[in-house]
Structure formats: C-alpha cells, structure tokens
Amino acid sequence: MYNRDVVFREVKDVIKHEVQPKEPMMIEFEVKEEESDSVVEEESEDEEPQTPAVRRSVRERRQPERYSPSAFYSNFALSVTDDDPRTVKEAMDSKDGKLWKEAMVDEMASLHKNEAWDLVESPAGRKPIGSKWVFKKKTNAKGKVKKYKARLVAKGYSQVSGIDFGDIFSPVAKVTSIKLLLSVAAAFDFEVE
C-alpha cells in the first residue's frame, strides 16, 4: 500500500509539470509489519472476492388507495347464491324436482345414444369406480332460468394409475388441422364423410 504523503506528492508533481513530460521516478514507501500480514491475507488467490452487501430500500411500502378495503367494498359486491342442488335427494326434494328428473333422464339418454360405456363384469376383488350427479341451472342474460342441466360424472379421484387406468389420451382437433384435411380433400377431389 502507498503512504498518503507519497501519493499526494506524486499528484502535485504531475499537476506542476503537466506540460513537460517527466521521467518516472522511483517511489519508495514503507510498510509496517502489522499491515503486511493483512495485505497478504487480502491478496491471497485462494479466497474469492467479497461481494458488497445488498442495499435494501427503506421506503415505506403502502397499498395503493384503489385497493384499500373501503374502495373495494364500495365498488364490488359478491353475491353467492348457489341454489343448485348438490345431491340427487336435494334435487328431487326441491320445488323443481320434476325438471331435475327430466334433465337426468335426458343425460342418461344422451349417454346411451353416444355409447359412452360398455357394460362388463368387474374383475374379481375389484370395486367399480363410483359416479356422481352434478346439477346446474343455465340462465339467460336477464337471469331467468333457461335450462336445467344434469351431468353424470365419474369419481376419477378414486382411480389408481396402473390398476384402474393406463395411459390417458383425449383426442382434440384444432381448426387448422381440419382446414388442412379439407383442403387436401378438395385438391385431390376426395369425398369427405
């Protein structure tokens, strides 16, 4: 390390003789013994350079006024009126029980028409996967009930991979794929069924 007086003297000489180039002069300095140990420790190649500490902001963080509870409550109102039945018993016991029953019959007819399943005997020691009815009232823009929908869904959460099912595949057609097939059919004059 340089002694402060030596460094200042050198800077003064450079300022005085700025116009005329000066031959480099030998600068002598003296290092005390205590400092030499610390210099060696700092310059050792084994240690990685220390990164300075990250400076954290001391600014107070506040929520914007538009998200304050008073503004939120005045602008939005949450209305939870889920009067759709959760079970078959609730659906049948409600005042719209007849309409819910018709929706269930329509769903079963649709499943049979589309051949959604095949009836088979269950393997020995295995229990079939259960199902559940999901009910939903479909409304129009004015909020009047337009249709009563009932869906029969499988309880897929009870299935075990490798035992109840193997690979899952759900084919999905993109519009671009359909356009490509139709253009190929038109180009080669194929019939599309």
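This is a predicted model: local features need pLDDT of at least 70, side-chain atom pairs count only at pLDDT 80 or more; totals for chains, interfaces and linings use all residues.
Some ground rules. Residues are numbered from 1 along each chain as its sequence is written. Local features need pLDDT of at least 70, side-chain atom pairs count only at pLDDT 80 or more, totals for chains, interfaces and linings use all residues, and side-chain values use heavy atoms, with hydrogens and water left out.

Confidence comes next. pLDDT is the predictor's confidence in each residue, from 0 to 100. The chain has a mean of 76, and 66% of its residues reach 70 or more. Helices (H or I, at least four residues) and strands (E, at least two) are DSSP runs, numbered from the N terminus. Over residues 35-40 the value stays under 50, and the model has two contacts (heavy atoms within 4.5 Å) for them beyond four places in sequence.

Now the hairpin. Strand S1, residues 131-139, pairs with strand S2, residues 145-154, in the antiparallel sense over nine bridges; pairing requires that DSSP finds at least two bridges. Phe135 stands opposite Ala150 in S2, and Lys132 has Val153 as its bridge partner. Five residues lie between the strands, and Gly143 in the turn has a positive phi of about 95°.

On to aromatic rings. Rings of Phe, Tyr and Trp (its six-membered ring) pair if their centres lie within 6.5 Å; planes under 30 degrees apart count as stacked, over 60 as edge-to-face and the rest as tilted. The whole structure has four aromatic pairs. In one, Trp100 and Tyr148 have ring centres 4.8 Å apart and planes at 90°, so the pair is edge-to-face. Trp100 is in helix H5 and Tyr148 in strand S2, 48 residues apart.

Last, what does S2 give to the lining of the largest pocket? Three residues, the largest share.
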